Amino acid sequence: MQNFGSNNDLDEKGHVMTDQPKIKVKFEPKPKPSTCPICTVEYYQQFFDIEQRDVYMRIRCSLLSWKPEFYQCVGKNPDLWGPLWISTTIIFILFAGGNLSRFLLEEDKRHFKYEYNYMYVAVLVVYAMAFIIPIILGVIMKYILKSELGVFEIVCMYGYSLSVYMFVLILCIIPYNEAQWFFLMCGLANSTIFLLVNLWDFMKKNKQTTLIAVPIISFNVALILCFKFYFFRLIYAVDD
């Protein structure tokens, strides 16, 4: 009796199949961890992993500026999606609202021209206020003043502090000087109080961090002055 190897198979005619296809397994090398994680896209994905209802809840906390509940709402999950959405919305409102306010004052509507520079200036001013300035302040607080707050926690809080201007700037479309000043001052008060109230607990632990209140107030005042004197500047026709 012919003995076939136990490792050989038979084909349909009973012949021994000696040449079996070999399966090649390709092992891919594991990616090396980046020496600079903050420079990778994966690092920033965590700041955009947020539910829509959480964004609305954080906006609500920012509007209730006198209640220090923002960090309880955020916890250990600061996000950049909310600040990005808020600042982009404000840019659109500044461009559309500023031009609409000018249109309402224009006597000859047929010769009205859009001010396209509003878009460029709005992008520069709003994104600087929402990201560049808080990053600088966050670095100062974290690495110079030795605060417990992280840089992105400051950016998150600063971005949500601007949410009140989404409503204020819509009201500023009304072409009345006194009304615009009133709405802008309300927005300034809400935004500034929100920032200072939520930073107060950290300021008490390190008295040096109280100095950060000066640039916070200064930049907020400069922001509403920019809104008023550039985007909602009211020029009335004067009869000779």
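Student: Is F112 buried or exposed in this model?
Tutor: Keep in mind that this is a predicted model. The cut-off for buried is under 20% relative accessible area. F112 comes out at 15% relative accessibility, so F112 counts as buried.

Student: What kind of aromatic pair do F103 and F112 form?
Tutor: Ring planes over 60 degrees apart count as edge-to-face. For F103 and F112 the planes are at 80°, with 5.3 Å centre to centre, and that makes the pair edge-to-face.

Student: Which residues form one aromatic cluster with F103 and F112?
Tutor: Let's look past the pair. The cluster takes in F103 and F112 along with one Phe and two Tyr residues: F95, Y114 and Y116.

Student: How many aromatic pairs does the count come to?
Tutor: Rings pair if their centres lie within 6.5 Å. By that rule, the count is 14.

Student: How far apart in sequence are the parts that F70 and F194 tie together?
Tutor: The ring centres of F70 and F194 are 5.2 Å apart with planes at 85°, so this pair is edge-to-face. Both F70 and F194 are buried. F70 belongs to helix α3 (residues 70–74) and F194 to helix α8 (residues 177–205), so the parts they tie together are separated in sequence by 124 residues.

Notes
Residues are numbered from 1 along each chain as its sequence is written. This is a predicted model: local features need pLDDT of at least 70, side-chain atom pairs count only at pLDDT 80 or more; totals for chains, interfaces and linings use all residues. Side-chain values use heavy atoms; hydrogens and water are left out. Rings of Phe, Tyr and Trp (its six-membered ring) pair if their centres lie within 6.5 Å; planes under 30 degrees apart count as stacked, over 60 as edge-to-face and the rest as tilted. Helices (H or I, at least four residues) and strands (E, at least two) are DSSP runs, numbered from the N terminus. Buried means under 20% relative accessible area, exposed over 50%, partly exposed in between (1.4 Å probe, protein chains only).
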